[in-house]
Amino acid sequence: MAENRMEKIVALCKRRGFIFQSSEIYGGLNGAWDYGPLGAELKRNLKDAWWKAMTQWRDDILGLDGSILMNRAVWKASGHEATFSDPMIDCKTCQGRFRADQVASTPCPQKPSKMVTACGGELTEARQFNLMFKTYVGPVEDDRNLTYLRPETAQAMFVQFKNVLEVSRKKLPFGIAQIGKAFRNEINPRNFTFRSREFEQMEVEFFVRPSEGKAWLEKWLTDRIAWYESIGLPRKKIQVYDVPAKDRAFYSQGTYDLLYEFPFGAEELEGIAYRTDYDLKQHQAASGKPLEYFDEETREKFIPHVVEPSAGVDRTVLALICEAYTEEGVTDEKGNQETRVVLRFHPRIAPVKAGIFPLLKNKPDLVEKARALAADLRKHFPVFYDEAGAIGRRYRRQDEVGTPFGITVDFETLEGAKEGPLAGRKDTVTLRHRDSMQQERLAISDLLPRLTAALG
Ligand code: ATP
């Protein structure tokens with residue numbers, strides 16, 4: 001069932017232009033994906049929602065847009081160069097390489113019905129494999145010019161801590177937020193976009209007084225769950241995993257993972273980690289530049305502690321699509337039973353907000369009215385204009401990509417509504433609601449306020 005559901009979701013993503021395989025015409029590139037027209041819009045809406053909630057709607061977090069390439073010294077100081085690795089096991093029989101903690105659940109590439117531990121291949125001991133992509137800065141490919149594509153966005157926020165503090169003149173507690181690409185040479189990219197080699201993160205580094213770190217960790221946990229609910233992931237599908245001390249980084253005094261119940265199992269969307277003063281301390285020691293904070297109230301100088309909510313853009317996009325995907329039995333206009341596929345996106349997140357449909361395409365007045373309406377609404381949000389085919393089919397095509405509203409321009413628009421409270425009135429349209437499929441008559445002049453209120 002779950003596998004089948006995932007297959008249908010992947011097929012829909014391709015068919016309707018949410019997500020394509022990267023470099024598809026050349027056979028693809030494992031772990032890399034392209035977002036098509038609707039996917040790009042969906043992803044943008046998600047990032048906008050996060051950015052607004054994190055920066056514009058509060059005055060204690062500031063934005064940063066750091067570079068992907070950084071001085072290699074950053075990755076030495078952060079510990080990534082020495083330790084950002086997964087233990088790997090090689091199979092001498094099939095030459096495959098697998099994550100040591102996943103061998104028991106990874107199918108053998110040669111005998112896919114058996115797991116790697118049971119296929120009889122000769123396995124090596126686990127060895128560390130660094131996940132950072134190497135690259136060279138400048139024309140000479142030698143060790144002095146080596147650096148990495150960033151495996152997380154966080155480090156720019158630590159190394160710019162002092163600059164942001166000085167320009168903003170913020171007092172603790174305050175945070176820095178960033179959205180951007182990160183790269184990890186994952187051994188087994190899998191579950192569609194869930195584990196990719198190129199992906200985007202949305203991270204906050206929230207700087208606090210050491211005595212307040214634990215309380216802020218709890219507050220961030222509550223805030224982040226509420227945010228996922230606000231974009232349409234229900235509380236009951238989000239699990240909180242309190243990571244035990246033995247599985248946390250040695251400097252962490254508490255980490256919560258937020259897991260979403262994907263069709264392939266409950267998996268991590270976000271980690272919220274209380275990282276103490278580890279990162280700033282490391283960079284202060286390695287760079288020789290002070291990264292302390294002077295507390296004017298207590299006249300003390302200290303390195304702030306950090307709570308880091310770190311979320312994945314691609315994983316959240318996938319969760320939103322999985323959550324939205326619904327199949328339901330409906331009866332069409334001719335009385336036939338059929339399956340309606342609907343993406344029940346929260347209207348804020350939906351890539352297209354309204355479909356505009358003139359009832360007949362060979363009626364110039366009607367088409368002109370519908371086109372004018374589309375042009376008007378387009379100034380406010382993405383709309384899709386469609387004049388081809390049966391109206392039922394046009395609705396279904398928009399249901400399948402999650403468009404919350406359908407607007408039909410018909411004879412009554414030109415000649416006056418036949419019945420209801422707007423009887424006799426011209427310039428009205430039918431507004432159809434995606435989830436309930438209910439329709440109502442509305443004056444064109446009331447459309448924009450109605451839709452903008454619903455889109456939040
Ligand atoms: P995992 O255990 O699943 O590998 P992680 O604990 O290493 O993840 P973090 O380093 O905490 O992940 O990164 C923060 C967030 O970045 C994750 O919660 C996830 O949403 C996202 N992320 C990390 N790795 C990937 C990846 N390979 N593909 C897509 N998103 C990722």
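Me: In this predicted model, how many bridges join strand 3 to strand 9?
Reply: Strand 9 covers residues 174–183. Strands 3 and 9 run parallel. In strand 9, Ile 176 is the bridge partner of Leu 62. The number of bridges joining the two strands is three.

Me: Which strands stand at the edges of the seven-stranded sheet?
Reply: The sheet is open, with mixed pairing and the order 3-9-10-16-13-12-11.

Me: Which residue forms a salt bridge with Lys 181?
Reply: The N to O distance is 2.8 Å. The partner sits in strand 10, 17 residues from Lys 181 in strand 9. Lys 181 counts as partly exposed because its relative accessibility is 28%. The partner, partly exposed at 33%, is Glu 198.

Me: Are Arg 224 and Glu 270 buried or exposed?
Reply: Their side chains meet in a salt bridge, 2.9 Å from N to O. Arg 224 lies in helix 7 (residues 213–230) and Glu 270 in strand 13 (residues 265–276), so the pair ties together parts 46 residues apart in sequence. Buried means under 20% relative accessible area. Both residues are buried.

Me: How many residues apart in sequence are the parts tied together by Glu 323 and Lys 237?
Reply: These two form a salt bridge, with the closest N and O atoms 2.8 Å apart. Glu 323 is in helix 9 (residues 313–324). Lys 237 is in the loop between helix 7 and strand 11. The pair therefore ties together parts whose separation in sequence is 86 residues.

Me: Which residues make the nonpolar surface patch of about 200 Å²?
Reply: One of them lies in the loop between strand 19 (354–358) and helix 10 (364–378). That residue, Leu 360, counts as partly exposed because its relative accessibility is 32%. The patch is made by Leu 359, Leu 360 and Phe 411.

Technical notes: Residues numbered from 1 in each chain as written. Predicted model: local features only at pLDDT ≥ 70, side-chain atom pairs only at ≥ 80, totals over all residues. Heavy atoms only, no water. Patch = residues over 30% accessible without salt bridge, like charges linked within 9 Å, V, L, I, M, F, W, Y side chains within 5 Å. Areas by Shrake-Rupley, 256 points an atom, 1.4 Å probe, with all protein chains shown as cover. Salt bridge = Lys/Arg side-chain N within 4 Å of Asp/Glu carboxyl O. Helix = DSSP H or I, 4+ residues; strand = E, 2+ residues; numbered from the N terminus. Buried < 20%, exposed > 50% of the residue type's maximum accessible area, 1.4 Å probe, protein only. Pairing = 2+ DSSP bridges.
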